[in-house]
Amino acid sequence: MAKILMCGSFKGGVGKTASSWNLAYFLAEMGKKVLAVDFDSQANLSTCFGIEDTAAVPVTIGHLMMDRLEDEELPDAEDYIRSRNGVDFIPSSMVLSAVEGRLRTEMGAERMLSGILEPLRERYDYIILDTCPSLGTLTINALTAADEVLIAVNPQLLAMMGWKRPLTSVRWQVASAILKNASRLADAPAGFHPDGKESSESPE
């Protein structure tokens, strides 16, 4: 049964997607079966996995969310799960932006992603969710689905001071979404070097 890990942040450019990508391959190298889910309409994680034109992907996580919203049957997992160098992944696209607007008006919308991932748990050891840098309806869906949450932060003074208030918001949002499964909430310094230099590297 897979453990679902959400990797999130409250601003862009802090290494969230790079952390998700590296964590997926680190776990795979340990012999774990990993599924990475690009749950951000910017689709940066999909690009890391080698997809150049996300608009040309016939089935993305956005399409699956839309199917759930319209009470349509989901396609077979083989139709939307891709694999690259030993890690399975579900790509994203701008379709997810349209989904976010629909989620605001749907009853029980915070559990849409959970319904997609639950049947996949038996296939994997870990499912990693790379989320958008905001606290909107998509992020609430990811929080509701997650067992553990990893927040990427830039290890600089102002950035570290500024992330505490959003963390309080996360806890209130989690409570309002009736999140029962999340057991841990941790912050991960991203872009850190022992010599004090900030990293600007992206995964190749």
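Student: Why is T144 called buried?

Tutor: Buried means under 20% relative accessible area, exposed over 50% and partly exposed in between, with a 1.4 Å probe and protein chains only. T144 has a relative accessible area of 3%, and 3% is under 20%, so T144 is buried. This is a predicted model, in which local features need pLDDT of at least 70 and side-chain atom pairs count only at pLDDT 80 or more, while totals for chains, interfaces and linings use all residues. Residues are numbered from 1 along each chain as its sequence is written, and side-chain values use heavy atoms, with hydrogens and water left out.

Student: Where is T144 found, and what does its side chain reach?

Tutor: T144 is in helix α6, residues 137-145. Helices (H or I, at least four residues) and strands (E, at least two) are DSSP runs, numbered from the N terminus. The side chain of T144 reaches the backbone oxygen of E110 at 3.4 Å. A polar contact is a pair of N or O atoms within 3.5 Å; within protein, one must be able to donate a hydrogen and the other to accept it, and residues adjacent in sequence count only if both atoms are side-chain atoms.

Student: What makes E78 exposed, and which side chain does the side chain of E78 contact?

Tutor: E78 sits in the loop between α3 and β3 (82-84). The relative accessibility of E78 is 57%, which is over 50%, so E78 counts as exposed. Its side chain makes a polar contact with the side chain of R123, at 3.5 Å.

Student: Why is the pair of W21 and Y25 called tilted?

Tutor: Rings of Phe, Tyr and Trp (its six-membered ring) pair if their centres lie within 6.5 Å; planes under 30 degrees apart count as stacked, over 60 as edge-to-face and the rest as tilted. By this rule the count comes to three aromatic pairs. W21 and Y25 are 5.0 Å apart centre to centre, with 55 degrees between the planes.

Student: Which strands does β2 pair with?

Tutor: Two strands pair if DSSP finds at least two bridges between them. Six bridges join β2 to β5 (126-131), running parallel, and F39 stands opposite T131 there. Three bridges join β2 to β4 (87-90), also in the parallel sense, with D88 as the bridge partner of L35.

Student: Why is α3 called largely enclosed?

Tutor: Seven of its nine residues are buried, so α3 is largely enclosed by the rest of the structure. Among the buried ones are I61, L64 and D67. Elements covering the buried residues, by contact (heavy atoms within 4.5 Å), include β2, β4, α4 (95-103), α5 (112-117) and α6.

Student: How many disulfides are found?

Tutor: A disulfide is a pair of cysteine sulfur atoms within 2.5 Å, and a search of the whole structure finds zero. C7 is buried at 3% relative accessible area, and C132 is buried at 8%. C7 stands opposite L150 in β6; four bridges join β1 (3-8) to β6, which run parallel.
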